[in-house]
Amino acid sequence: MSVIVDYYNYWVVVFLMMAGFYTVIAANNLVKKIVGLNIFQTSVFILYISMGKVSGGSAPIVAEGITTYSNPLPHVLILTAIVVGVATTAVGLALVVRIKRAYGTVEENEFKDKDDLI
Amino acid sequence: MAELINLLLLGMLAVTALGVVFLKDLFAVVMLFGIYSFLSALIFVNLDAVDVAFTEAAVGAGISTVLMLGTLSLTGRQEKMSGHKTLLPLLVVVTTGAALIYGTLDMPPFGNPENPVHQHVALRYIQDSPQEIGLPNMVTSVLASYRGFDTLGETAVVFAAAIGVLSLLGLPKQDRAAIESGLESHLVLKVVAKIIIPLIILFALYVQFHGDYGPGGGFQAGVIAAAAIILYALVFGLPLATQVVQPGLLKALAALGVLLYAGTGVASFFLGGNFLDYNVLAADPVAGQHLGIILIELGVGITVFAAMLSIFYAFASKAERKNIQ
Amino acid sequence: MILETISNILLIVGAFFALTGAYGLFKFPDFFTRVHAASVTDSIATILLFLGLILRTDFDLVAVKLVFVLVFVLLTSPTASHALAKSARHGGVATLAESNNKDNTDG
């Protein structure tokens, strides 16, 4: 029982990570691949934040009467990672738009066929 | 109780992720991804990461959903059936997942204060930063002061990503002829948008300058301010929005933010300190820290605002051009 | 003590309305009735939940912030429901009565 309480967060993280990973390698559509990549990314965020949590702690903002705070360091790392993540996602989506313009499709197998023709 | 809520939210997150994997309608996939982001924001609140939750709600659920919808309008909303075999990917995923689950058993238990991650620098951040920096919000202290180099790098990445998107898609041209586009028939939407857009911008400013004392800061404020202008562009049309906040101005602002950040660092070493050492910016070290943090948070806010908005402009102008054709 | 009881009642009733809204979203037959169910959650449930939460504060800055959030939600969520229904109408989604009529004439 204590094993479940100790580790369920990490297990769900692994599940989400694999769901994202599966979408990236199995999906045919490039937009869906990017969504999968984002799911993967968010699972990593949850992993970091889970590690920073202290049982019985509170948010790392100084307040009266509170002695236990959760670890602020993972929060900082993930906060910036989220914004950088959306910026890089935007670059990925822009590439998808350009691929659509160049090949007329965003389905992976279709533009591979066109590459073979060239 | 908190554990129970956590478990419930994580379960919902897993179900949403499964929906994303198996749905073929990409519009539904993007919407589910927005829900997924909101759910993860709730989990972050539950795990005490209020700043992170704030950012995830504004960025993950707001901006990235809009960008993905913009992409879908250009690429089509249905995923075609693929001739891919699903067996091999499934096998790879299950094997990797099993290995990772086996790996988690060696990790320190969740939430234990004795975990190694809480023993290293975190102690100093929690115990000393309120005196050294003088700010109640430790996340802001660590983000802007202790890890100032890191944040400078992240801001530069956001700036570089905006340049990348602009060079791939290009900014919209200002077009006075098409100024009357937008949602003419949605009168209610227009009236409400006019009321709440100033409120959103006011809230962004509050988040920007209150970030030292509560959750918030430059990253969140920049995204919220960009969201206000995005709402304006969606309701009143892109041509009008580009008249209000001009694309050329955004390019200058994006660079200005990074310059302000790096300039604060340069100023600190001309005053005799190290790069990004704010103690020397004022006579009193704590006052110097306050000044430095306000300046660099402002730089971050300006860059994030300009980068997010110009990325949106780039996508929206492509979508609008396609609709006209 | 009395305040806490009132707050509890408000929160429970609010949660009940939120639940009925979610239930209606699944059970109702067509798009427009579903939007109606969802907007019930947006309006009455949020009002009750926020009132319940305000009674639990010390009537300080937190209460003021909650009032602000409540006003904001009350402004935006009916607008969102309206925009959703209107776009659906423009996009040609038929109401329940209309699709019933069509079925009858076809049959």
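**View 1. A:Thr42 and its partners in chain B.** Leaving out neighbours within four places in sequence, the residues in contact with A:Thr42 are B:Tyr36 and B:Ser40. The model shown here and in the following views is a predicted one.

**View 2. The setting of A:Thr42 within chain A.** A:Thr42 belongs to helix α2 of chain A, which comprises residues 30–52. Because its relative accessibility is 3%, and buried means under 20%, A:Thr42 counts as buried. A polar atom of the side chain of A:Thr42 lies 2.8 Å from the backbone oxygen of A:Asn38.

**View 3. The fold and dimensions of chain C.** Chain C contains four helices and zero strands, so that, by the DSSP runs used to assign them, its elements read α-α-α-α from the N terminus on. The C-alpha trace of chain C spans about 65 × 25 × 15 Å along its principal axes, and its radius of gyration is 18 Å, whereas a compact globule of 107 residues would have one near 13 Å. Among the contacts in chain C with a separation of 6 or more, 67% are between residues 24 or more positions apart.

View 4. Of the 107 residues in chain C, 22% are buried. Chain C exposes about 7000 Å², of which carbon and sulfur atoms supply 72%.

Definitions and conventions: Residues are numbered from 1 along each chain as its sequence is written. Chains are lettered from A and ligands numbered from 1 in the order in which they are written. This is a predicted model: local features need pLDDT of at least 70, side-chain atom pairs count only at pLDDT 80 or more; totals for chains, interfaces and linings use all residues. Side-chain values use heavy atoms; hydrogens and water are left out. Helices (H or I, at least four residues) and strands (E, at least two) are DSSP runs, numbered from the N terminus. The radius of gyration is taken over C-alpha atoms; the globule rule is 2.2 Å times the number of residues to the power 0.38. Buried means under 20% relative accessible area, exposed over 50%, partly exposed in between (1.4 Å probe, protein chains only). Contact means heavy atoms within 4.5 Å. Accessible areas come from the Shrake-Rupley method with a 1.4 Å probe; for residues, only the protein chains shown count as cover. A polar contact is a pair of N or O atoms within 3.5 Å; within protein, one must be able to donate a hydrogen and the other to accept it, and residues adjacent in sequence count only if both atoms are side-chain atoms.
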